[in-house]
Each structure stands twice: as structure tokens, then as C-alpha cells.
Amino acid sequence: MKRPSVITATNLVKRYGTLEVVKGINFSVPAGQCFGLLGPNGAGKSTTMRMIMGLSEVSSGELEVFGESASAMSREVKAKIGLVPQESNLDPDITVLENLVAFGRYFALSKSIIDQRSKKLLDFMQLNDKKFAPVNALSGGMKRRLTIARALIGDPEMVILDEPTTGLDPQARVLIWKQLTELKKDGRTLLLTTHYMDEAQRLCDQIVVIDSGMILDQGTPDELIARHVKGFVFEVQKPNLAASPENRWEQEDIGDSVLYFVDDTAEFIADLPEEAIYLHRPANLEDVFLRLTGRKLREN
Ligand SMILES: Nc1ncnc2c1ncn2[C@@H]1O[C@H](COP(=O)(O)OP(=O)(O)OP(=O)(O)O)[C@@H](O)[C@H]1O
């Protein structure tokens, strides 16, 4: 059964003056799924998010959110969206609990609903023992968790997350991924931007790969991998590559080594010169991006 779309973008364009930063993109976000915009810095992810939230005007094309035009969203539709921005906009001088309560009041929720939801959300985001701590005393991971809890106080149908784990350590990221997966199980739609391929691969049902304001491809992580990079990657060091594997293998030169995208590993190994030094791993979305653009997603 096809799920109804929560967001539909048709030939969506954003211009700043004469600079076109979103160049006529088309996508639709199915209800109850995690939909990811994957692309490097400057790809146009945040700009697209801002248009979806009605914070940035659409230059041309159409953008529908819960059946309404993003540029004229009603209060009711806005209330269905929870936002987790890239930059923390928590109030640093008040406590964790007070931040949640203040946001609940902003949504004009009753005191009993605010109390009930705050308790649940502090539990959910594992912040219970910090509820009386000032925001300033929290670690980066805790702040991000509080930002997510706060976005959920209005019980939104869709949560928009702009790079939810950028700058966090691996442990903090894993905890956030776990809780986002729970939100999805609850039936909420998640829309997230990321330049981490592991995050997209782990969380997203559907991915749009975006670069320089254009969609390069879209599909499930497995579809994208199958379409562009087969199943496996062999990273073969160059100095040891006396005789290259046959050219029939799809490949990408990455400097010191060459990546080969391979569906039949036994056949590829048979093609490799004996002295070749190589790594062998399953293909991932980073490889997809490299194949689509010739560049890495993140330049480290
Ligand atoms: N207010 C603005 N005026 C002019 N150009 C802008 C403005 N906001 C964004 N841009 C440009 O639009 C392009 C897309 O930016 P955007 O922030 O959407 O990218 P992004 O994919 O979200 O990247 P990041 O991961 O860095 O947030 C960039 O080239 C950026 O410099």
C-alpha cells in the first residue's frame, strides 16, 4: 500500500538574488518514514528545510506540507511539525525542565499536559537526572537530546532534524539514533538532513542525494547502493597494483588507491594480481556519493 505524502516538492527552486541554491527539485516524503536529505556542506539541505518550515520563501515551484502550501501554512499544520535546528536555541540560563515547560506554554498547552509530557520526554531522552540542571551544565549530547525533547512537547506528527548528531561523539550519536528509531516506531514522520552516510544508512527509509542544489538520485539505501556501487568495494593500493584488474570493473581513483565496485567478489579476486594489497568491505552510501559526484561527502 502506498503511504500518503506528508511533503511534496515539485520543481522547487530557491534563489538568493541571482544565485540559485535549490535548482528545481522534486521529491515526496511518505508518512511514517524517515526521509533523509544527504549531501555535503552547502548542498542546499538547510535551505530546503527552511522552506518546508515556512521560514524561507519558495522562489518558484510548489511545496506542499500536510496538504497546504508551505508559504501559507495554517496554525494547525505548523503545530504538526517539531523542529530540531542545527544550532542550539535552548535558553541557557534556565533548567532543563524549565526549557520544556516554557516551550509547552509557547504552544499554549495546559499545565497538566505540559507536566505529563515533560516527564515522559525527560525519561525518553534520558535526561531525568538532569531535570534541575541549568542548560549550561549539559554536555553537547545532552543539549541535543533536550532540543529533541523540546521539539516533541507539542506531540508533532513530523519531526524535522537538521544534522541531529553533527559534532557529537559516537556514544552520544548512537543514543540519539536509538531514540529516533523509537519515534519512527510511534508512527511519526522524520525528515532529517545529514552529511554522515552511516546516519542516513541506519535511520533512513528513503534518501535523496543532493549536491549543489540538485538531486542526484533518490531511493532506499539498498536501492542506491545496488544501482551505483554494486554490493562490495575493494580498495586496492596503487603501488602494489603492478597489473590492474581488468577495466571491466567499475572503479574510482581516490589518490593512493583505486576503489572497485564489485558484484562478484570471487571473480574480482581472480582478476587481482597476487601482490595486490587491498581492503574488502560492503559498499555504503559514501561510495554512492563518490560515484555520483567523484567527490567525498565529507572532506576530512
Ligand atoms: N541567506 C543566504 N543568502 C545567500 N546565500 C545563502 C543564504 N543561505 C544559504 N546560502 C547559500 O546557499 C547554499 C546552500 O546552503 P545550505 O545552508 O542550504 O546548505 P546545506 O546543504 O544545508 O549545508 P550545511 O551542511 O553547511 O548546512 C550555500 O551555497 C549557501 O552559501
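Strands here are DSSP runs of E with at least two residues, helices are runs of H or I with at least four, and both are numbered from the N terminus. Two strands count as paired if DSSP finds at least two bridges between them.

Before going on, a word about the model. It is a predicted one, where local features need pLDDT of at least 70 and side-chain atom pairs count only at pLDDT 80 or more, while totals for chains, interfaces and linings use all residues. Residues are numbered from 1 along each chain as its sequence is written.

S12 (residues 250-253) and S13 run antiparallel, joined by four bridges, and Asp253 stands opposite Val258 in S13. S13 (residues 257-262) also pairs with strand S11 (residues 232-237), in the antiparallel sense over six bridges. There, Val233 has Phe261 as its bridge partner. If you are new to this, strands of a sheet pair through backbone hydrogen bonds, either parallel or antiparallel.

Now let's zoom out. The protein chain has ten helices and 14 strands, and its C-alpha trace spans about 70 × 45 × 40 Å along the principal axes. The chain is divided into domain 1 (5-225) and domain 2 (230-282), with bounds that come from an automatic or database domain assignment. The centres of the two domains, taken over C-alpha atoms, are 39 Å apart.

Next, another sheet. In what order do the six strands of the open sheet come? The order is S6-S7-S8-S3-S9-S10, with mixed pairing. S6 (81-84) and S10 (214-219) are the edge strands, each pairing on one side only. From one strand to the next, the twist averages 15°. S6 runs parallel to S7 (residues 158-162), with four bridges joining them, and Val84 stands opposite Leu161 in S7. Helix H5 (residues 140-151) packs on the sheet, touching S6 and S7, and its direction makes about 165° with that of S6. For these angles, axes are lines fitted to C-alpha atoms, for helices over the stretch in contact, and values run from 0 to 180 degrees between N-to-C directions.

So what is inside? We call a residue buried if 20 or more other C-beta atoms lie within 10 Å of its own, exposed if 12 or fewer, and partly exposed in between, with C-beta atoms placed from the backbone. Buried residues make up 37% of the 300 residues in the chain. A nonpolar core is a set of buried Ala, Val, Leu, Ile, Met, Phe, Trp, Tyr and Cys residues joined through C-beta atoms within 7 Å. The largest one has 74 residues, and Ala149, Ile160, Val209 and Tyr260 touch the most other members. Both domain 1 (5-225) and domain 2 (230-282) give residues to this core, so it lies between them.

Take Ile160. Leaving aside neighbours within four places in sequence, its contacts include Met49, Ile52 and Leu83; contact means C-beta atoms, placed from the backbone, within 7 Å.

Finally, which residues of helix H1 (residues 45-52) are buried? They are Lys45, Thr48, Met49, Met51 and Ile52. They cover an arc of only 160° around the axis, which puts them on the same side of H1; that arc is of the directions from the helix axis to the C-beta atoms. Just after H1, Gly54 takes a positive phi of about 75°.

Conventions. Two residues are in contact if their C-beta atoms, placed from the backbone, lie within 7 Å.
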